[in-house]
Amino acid sequence: MHAALVTSFDRPPQYTEVPDPEPGPDEVLVHVLAAGLHPRVRSGAAGTHYTSDGALPLVPGFDGVGRTEDGRRVFFAGLHAPRGSMAELVAVPAGRLVDLPPGLDDVTIAAAMNPAMSAWLALRHRADLQPGESVLVLGATGNAGRLAVQLARHLGARRIVGAGRDATSLEAVRRLGADAIVPLMADDVAERLAREAADVDVVVDYVWGAPTEQALAAVTGARSDPAHLLRWVHVGATAGPTITLPAATLRKTNVQVSGSGQGSVSSDGMVAAITELATLLPQVRPAVDVVTVPLREVAAAWEARTASGTRVVLVP
Ligand SMILES: NC(=O)c1ccc[n+]([C@@H]2O[C@H](COP(=O)([O-])OP(=O)(O)OC[C@H]3O[C@@H](n4cnc5c(N)ncnc54)[C@H](OP(=O)(O)O)[C@@H]3O)[C@@H](O)[C@H]2O)c1
């Protein structure tokens, strides 16, 4: 079969021929229809994801839409290197296959499922967002942040604040349903976060690093009732891998900081979320700007610059 293959962490994957996968006893052969090129795929292919073991060569790709030999259209996720979804065929554990109802095309699902899953797990399962509560999405301009805004609205959030870097994308976030937007690059970002998000119940945080330090100080410093529970869920680290957390922040405010990702969420939990989203996404109509690229052009797609909020999907 043809696949993308990473042979060096310094070079983009190359389109090449590799042996067909041989499914194990509990695995199913899936013909890949579409696979998203999202940050988890990039960090896995670069050997920098926290689950990476450094072994090469590997086929990149964490998830995708495919068809089984008996005709089921499925979504699958949680692939481990060296086997990935950027190939014509992949062997997937039977328990990781989620049947897809009609309603959305293969490419849209491949683009939207990973960011939607990140937001769904954070909002629904880590923060247990209740109708009427309010949410701050930190890093709202990316695909995951936009889905977080849409899904928070779907779950009945009363007020949604979207904070992000790219000004044009932030306007798109407002059109998706954010009640207020805060540009993270503004000189007065701390004041604006304090004004717009002082009393949020939940923060879905895709940025971490310096913007999170600033936002945590602004929000916890401005709460009208410091004892009111604030659930801060870290999901991504686009702005940096670490923060400095002042001890007093944890004493002076009732803030609970947790994370959501591979490990803190079990494989079964991830499959359960995808199963819920398979039905939900056609209703939510995910706002993803997709660029579809043939798999044979994977090397060029890897290097290409894409606009804020755009998702590349590779099609074998
Ligand atoms: N834990 C999980 O389950 C899970 C699942 C999916 C994704 N994630 C993580 O979530 C994050 C976002 O994923 P995604 O799918 O939305 O990626 P994406 O579509 O590529 O978007 C990434 C966004 O990050 C923003 N960004 C980059 N550097 C930034 C900085 N220094 N400050 C503020 N914003 C910055 C960019 O904002 P602008 O467009 O405004 O420039 C861009 O829109 C990634 O870290 C990803 O690994 C985690």
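Mentor: Strand E11 and strand E12 (residues 230–234) pair in the parallel sense over four bridges. Helices (H or I, at least four residues) and strands (E, at least two) are DSSP runs numbered from the N terminus, and two strands pair if DSSP finds at least two bridges between them. This is a predicted model, in which local features need pLDDT of at least 70 and side-chain atom pairs count only at pLDDT 80 or more, while totals for chains, interfaces and linings use all residues. Residues are numbered from 1 along each chain as its sequence is written, and side-chain values use heavy atoms, with hydrogens and water left out.

Trainee: Which residue of E12 does Val203 stand opposite?

Mentor: Val203 faces Trp232 there. E11 also pairs with strand E8 (residues 134–138), again parallel and over four bridges, and in that pairing Val137 stands opposite Val204.

Trainee: How do I read the two faces of a strand?

Mentor: In a regular strand the side chains alternate between the two faces of the sheet. In E11 (residues 202–205), Val202 and Val204 lie on one side, Val203 and Asp205 on the other, and all are buried. Buried means under 20% relative accessible area, exposed over 50%, and partly exposed in between (1.4 Å probe, protein chains only).

Trainee: And how many salt bridges are found in the whole structure?

Mentor: Side chains of opposite charge can pair when their charged atoms come close. The cut-off used is a side-chain nitrogen of Lys or Arg within 4 Å of a carboxyl oxygen of Asp or Glu. The search finds nine. One of them joins Glu27 and Arg83 (2.6 Å, N to O). That pair links distant parts of the chain, 56 residues apart: Glu27 is in strand E3 (residues 27–37), and Arg83 is in the loop between strands E5 (73–77) and E6 (89–93).

Trainee: Is Arg73 buried or exposed?

Mentor: Arg73 is buried, at 13% relative accessible area, whereas Asp106 counts as partly exposed at 23%. Their side chains meet in a salt bridge (2.7 Å, N to O). Here Asp106 belongs to helix H2 (residues 106–126) and Arg73 to strand E5, 33 residues apart.
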